[in-house]
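Dear colleague,

I am passing on the structure we spoke of, and I would be glad if you could look through it alongside the notes that come after it.

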Amino acid sequence: MTSLLASPTDASRAAKRILAWPRDLRLNPMPGMVYDDMEQGFGWRVRRFNYWRALTGGHGILPVSFPNEVFRNRSGLVTLARYALSAMSLRVARLFGRRLVWTVHNLANHESYHPRLEARFMGFYTRLVDLAVHLSEAGRDGAMARYPHLAAARNTVIPHPHYGR
């Protein structure tokens with residue numbers, strides 16, 4: 001398998017295929033900025049996440065910026081369906097050797113409609129992570145305290161970029 005920390009230009013063809021969760025966000029330009037640079041600067045192919053692609057796609061890396069978005073719905077039925085689809089997609093992706101990268105923005109949802117389900121999912125999710133990218137040292141410390149399973153993954157700190165650049 002390809003090292004997650006290898007030079008972006010030296011990565012294998014399969015590893016250069018990314019399924020981004022999310023690819024772009026209306027209220028936060030950071031994911032789009034990162035993926036635009038990966039495509040334009042290094043020739044990587046970045047596609048938007050959907051459950052079907054997660055189960056069948058030929059991507060090598062699945063970066064997730066906001067895994068707890070699954071829980072941003074007041075409906076318990078919708079949330080349970082998203083939980084099941086997300087958990088299955090992530091488990092299948094890992095079974096096929098795809099690397100899971102979490103850019104740790106939030107440790108929990110701001111709108112916590114289903115906190116117990118979210119906590120259970122995040123416990124499951126953090127066990128699958130190959131690489132956790134933290135935006136500050138303090139953020140890394142908080143994530144490691146809340147999700148001790150992250151100690152088994154690679155962890156790095158990359159400071160949050162300035163949106164004006």
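This is a predicted model: local features need pLDDT of at least 70, side-chain atom pairs count only at pLDDT 80 or more; totals for chains, interfaces and linings use all residues.

Residues are numbered from 1 along each chain as its sequence is written, and side-chain values use heavy atoms, with hydrogens and water left out.

A search of the whole structure gives five salt bridges, a salt bridge being a side-chain nitrogen of Lys or Arg within 4 Å of a carboxyl oxygen of Asp or Glu. One of them joins Asp130 to Arg94, with 3.2 Å between the closest N and O atoms; this pair links distant parts of the chain, since Arg94 belongs to helix H3 (residues 76-95) and Asp130, 36 residues apart from it, to the loop between helix H4 (115-128) and strand S5 (131-134). Helices (H or I, at least four residues) and strands (E, at least two) are DSSP runs here, numbered from the N terminus.

As for accessibility, buried means under 20% relative accessible area, exposed over 50%, and partly exposed in between (1.4 Å probe, protein chains only). Asp130 counts as buried because its relative accessibility is 12%, while Arg94, at 25%, is partly exposed. A further salt bridge lies between Asp141 and Arg140, whose closest N and O atoms are 3.6 Å apart; Asp141 is partly exposed at 45%, as is Arg140 at 27%. Through shared partners, salt bridges join Arg94, Arg99 and Asp130 into one network.

Strand S5 pairs with neighbours on the terms that DSSP finds at least two bridges between two strands. S4 and S5 run parallel and are joined by four bridges, and Trp102 stands opposite Ala132 of S5. From S4 the chain crosses through H4 to S5 in a right-handed β-α-β crossover, right-handed meaning that, with the strands pointing away from the viewer, the path from the first strand over the helix to the second runs clockwise. S5 also pairs in the parallel sense, over four bridges, with strand S6 (residues 154-157), where Arg154 is the bridge partner of Leu131 and Val157 stands opposite His134. S5, helix H5 (residues 137-146) and S6 likewise make a right-handed β-α-β unit. In a regular strand the side chains alternate between the two faces of the sheet. In S5, Leu131 and Val133 point one way and Ala132 and His134 the other way, and all are buried.

Finally, the lining of the second largest pocket includes Phe66, Arg72, Asn106 and His110. A pocket is an open set of points on a 1 Å grid over the protein atoms alone, where a 1.4 Å probe fits, with protein on both sides within 12 Å along at least five of seven lines, and lining residues have an atom within 4 Å of a point.
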